[in-house]
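Keep the structure open beside you.

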Amino acid sequence: MTRIRIFNIEIDSITMNETISIIEGCINTGKSIQHVCVNASKLVALQKNRELKQSVVNADIVNADGQAVVWASKFLGFPLPERVAGIDLMIKLVDLASKNGYKCYFLGSKEDVVKSVVNHYQKKYSSDIIAGYRNGYFSAKEESGIVNEIAKSGAHILFVAMSSPKKEVFLSRYKEDLKVPFIMGVGGSFDVISGVTKRAPFWMQRIGMEWFFRFMQEPRRMFIRYFIGNFKFIGMVLKCMFMKKN
């Protein structure tokens with residue numbers, strides 16, 4: 001895979017279809033790989049969070065989740081082919097699991113939310129694709145038991161719906177112990193699938209305003225992440241462009 005560098009992070013220059021093809025190949029061979037999505041706020045956050053940065057650097061596949069990252073790549077002269085949103089990748093992988101006989105494990109979110117996600121996919125496909133599930137509220141002492149449970153579940157794909165940097169650090173720390181061919185963090189995707197939150201209309205996704213739609217649903221919680229984070233991201237892009245010209 002070709003990788004391009006934005007700030008101090010390398011991102012894979014691949015499409016959604018290419019990403020899925022790579023994942024399918026790894027599942028079929030049993031090779032364990034970790035996937036990470038990066039958006040503007042995460043690229044800002046990892047500048048000061050060493051553990052988050054290291055988990056992204058160590059990931060096997062790094063996709064650009066945010067449209068702002070794709071635009072930044074073009075401004076900096078290393079254009080990415082397209083945005084690969086984590087929730088879209090998750091939806092396509094669950095569909096792939098139903099076709100190929102894979103099993104998925106769902107970890108994260110509140111108990112009623114993760115149950116709703118599992119019920120949704122059981123109805124849409126069948127219970128055969130469910131390796132197991134667990135909510136995302138647990139202590140550090142419980143982690144080893146949860147990891148062992150997932151390792152014994154026979155899952156081919158693990159989706160982890162927790163906030164950053166918790167999900168990236170958890171997956172990076174236990175990648176080998178989980179014994180799951182493909183693992184990825186999916187942030188708030190369980191909330192969208194279960195209907196707790198709504199996803200932005202496609203036209204807002206296309207023009208890079210999905211973040212604003214998300215902000216309008218939870219303005220207090222999302223203000224720092226989106227408004228302050230986005231301004232910092234723009235400043236970092238402008239700084240890189242200035243340094244290139246000089």
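The exercises below concern a predicted model.

**Exercise 1.** Describe the hairpin of S1 and S2.

Solution. 
- Step 1: Take the strands, S1 at residues 3–6 and S2 at residues 9–12.
- Step 2: Find their sense. They run antiparallel and are joined by 4 bridges.
- Step 3: Pick a bridge. Ile6 has Ile9 of S2 as its partner.
- Step 4: Inspect the turn. There are 2 residues between the strands, and Phe7 takes a positive phi near 60°.

**Exercise 2.** Which strands stand at the edges of the open sheet of 6 strands, and what packs on the sheet?

Solution. 
- Step 1: Write the order, S4-S3-S8-S7-S5-S6, with parallel pairing.
- Step 2: Read off the edges. S4 (61–64) and S6 (130–134) each have a single partner strand, so one side of each lacks a neighbour in the sheet.
- Step 3: Neighbouring strands are turned by 15° against each other on average, direction ignored.
- Step 4: Check one pair. S5 (residues 104–108) and S7 (residues 157–161) are parallel over 5 bridges. Cys104 is bridged to Ile157 in S7.
- Step 5: Place the helices. H6 (residues 111–124) touches S5 and S6, and its direction makes about 165° with that of S6. H8 touches S3, S5, S7 and S8, and its direction makes about 170° with that of S8.

**Exercise 3.** Classify the crossing of H3 and H8.

Solution. 
- Step 1: Get the geometry. The axes of H3 (residues 50–57) and H8 (residues 166–178) come within 9 Å and cross at roughly 55°.
- Step 2: Classify. The two helices are therefore oblique to each other.
- Step 3: Assign the hand. The crossing is left-handed.
- Step 4: List the contact. H3 gives Glu51, Leu52 and Ser55; H8 gives Glu168, Val169, Ser172 and Arg173.
- Step 5: Sort these residues. They divide into 2 nonpolar, 2 polar and 3 charged.

Definitions and conventions: Residues are numbered from 1 along each chain as its sequence is written. This is a predicted model: local features need pLDDT of at least 70, side-chain atom pairs count only at pLDDT 80 or more; totals for chains, interfaces and linings use all residues. Side-chain values use heavy atoms; hydrogens and water are left out. Two strands pair if DSSP finds at least two bridges between them. Axes are lines fitted to C-alpha atoms, for helices over the stretch in contact, and angles run from 0 to 180 degrees between N-to-C directions. Angles under 35 degrees count as roughly parallel, over 145 as roughly antiparallel, 65 to 115 as roughly perpendicular and the rest as oblique. A crossing is left-handed if the near helix is turned anticlockwise from the far one by less than a right angle, and right-handed if clockwise. Contact means heavy atoms within 4.5 Å. Ala, Val, Leu, Ile, Met, Phe, Trp, Tyr, Cys and Pro count as nonpolar, Asp, Glu, Lys and Arg as charged, and the others, Gly among them, as polar.
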